[in-house]
Amino acid sequence: MAKIFTVHPDNPQIRRIEEIKSALSSGAVMLYPTDTVYAIGCDLNAKSAVERVRQIKQLANDKPLTFLCPSLSNVATYAFVSDTAYRIMKRLIPGPYTFLLPATKLVPRLAQNPKRKTTGIRVPNHTVCLALLTALGNPIISTSAHLPPDEVDDEIGANPESSLSQVELFDRLDNLVDVIVDTGEEPTYDVSTILDLTGDRPMITRRGLGWEAAAAWV
């Protein structure tokens with residue numbers, strides 16, 4: 001059974017954030033809200049926890065995992081950011097965007113596309129996510145909490161008729177994760193916009209939240 005931490009969505013309690021950080025540092029897997037969907041995540045550098053996230057999501061090893069960073073400067077630690085990519089990202093973050101970028105050696109293989117050596121990175125516009133990232137000091141894995149067969153692709157949730165409430169989602173994940181972050185937010189099914197910044201020409205590969213703003217810079 002997961003431990004539930006009730007956290008204020010706008011003014012997260014320092015003590016609660018520190019408790020969650022300690023759990024993540026010890027290899028915990030958590031369920032938590034983001035500025036798009038509820039996500040399953042862990043410390044990027046906790047190998048056993050990343051493996052558990054893959055098992056929970058039934059992800060093949062060739063499918064990369066998205067992770068959260070607190071800022072653009074932090075992104076540049078984990079990915080090679082071209083001048084063009086930098087200009088686009090600077091305009092769009094923080095926000096509901098996943099950027100596909102060439103990974104540096106600091107990104108574990110478990111989180112990469114093994115053939116392309118790329119990874120997906122987000123800088124969320126979410127107070128609790130940013131507080132956790134700052135406290136932990138490492139990126140946090142972020143993959144949709146909607147489990148197979150409910151989803152079609154990462155971060156894409158169930159059809160409206162099978163959408164889960166917060167209580168139903170917590171109940172479903174209770175025995176699969178160690179920590180549940182409860183901010184009182186109901187699950188949403190609005191996905192992030194994915195921008196592929198790995199090539200010479202930036203491309204939007206999925207239209208999600210904020211795609212119109214992204215289209216203006218691609």
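Biologist: With which side chain does the side chain of T143 make a polar contact?

Modeller: This is a predicted model, in which local features need pLDDT of at least 70 and side-chain atom pairs count only at pLDDT 80 or more, while totals for chains, interfaces and linings use all residues. Residues are numbered from 1 along each chain as its sequence is written, and side-chain values use heavy atoms, with hydrogens and water left out. A polar contact is a pair of N or O atoms within 3.5 Å; within protein, one must be able to donate a hydrogen and the other to accept it, and residues adjacent in sequence count only if both atoms are side-chain atoms. The side chain of T143 makes such a contact, at 3.3 Å, with the side chain of K57.

Biologist: Is T143 buried or exposed, and what is its relative accessible area?

Modeller: T143 is found in strand 8 (residues 143-144); helices (H or I, at least four residues) and strands (E, at least two) are DSSP runs, numbered from the N terminus. Buried means under 20% relative accessible area, exposed over 50%, and partly exposed in between, with a 1.4 Å probe and protein chains only. T143 therefore counts as buried, since its relative accessible area is 1%.

Biologist: Which residue in strand 8 is the bridge partner of I40?

Modeller: Two strands pair if DSSP finds at least two bridges between them. Strand 3 and strand 8 run antiparallel and are joined by two bridges. In strand 8, I40 has as its bridge partner T143.

Biologist: How many residues lie between strand 2 and strand 3?

Modeller: Strand 2 and strand 3 run antiparallel, joined by four bridges. Among the residues involved, M30 has G41 as its bridge partner in strand 3. The two strands form a hairpin, and the number of residues between them is four.

Biologist: Which residue points the same way from strand 3 as Y38?

Modeller: In a regular strand the side chains alternate between the two faces of the sheet. In strand 3, A39 and G41 point one way, and all four residues described here are buried. The other way point Y38 and I40.

Biologist: What is the angle between the planes of the aromatic pair Y38 and F170?

Modeller: Rings of Phe, Tyr and Trp (its six-membered ring) pair if their centres lie within 6.5 Å; planes under 30 degrees apart count as stacked, over 60 as edge-to-face and the rest as tilted. The structure holds three aromatic pairs. The pair of Y38 and F170 is edge-to-face, with 5.9 Å from centre to centre and an angle between the planes of 70°.

Biologist: How many residues are in the largest nonpolar core?

Modeller: A nonpolar core is a set of buried Ala, Val, Leu, Ile, Met, Phe, Trp, Tyr and Cys residues joined through side-chain atoms within 4.5 Å. In the largest one, L31, I40, V75, F99, L101, I141 and V177 touch the most other members. Strand 3 and helix 2 (47-57) are among the elements that each supply at least two residues.

Biologist: Why do the buried residues of helix 5 lie on the same side, and what arc do they cover?

Modeller: The buried residues of helix 5 (residues 127-136) are V128, C129, L132, L133 and L136. They lie on the same side of helix 5 because the arc they cover around the axis, taken from the directions from the helix axis to the C-beta atoms, is only 135°.

Biologist: Which are the edge strands of the six-stranded open sheet?

Modeller: The six strands stand in the order 7-4-6-5-10-11, with mixed pairing. Within this order, strand 5 and strand 10 (residues 193-196) pair in the parallel sense over four bridges. The edge strands, each pairing on one side only, are strand 7 and strand 11.
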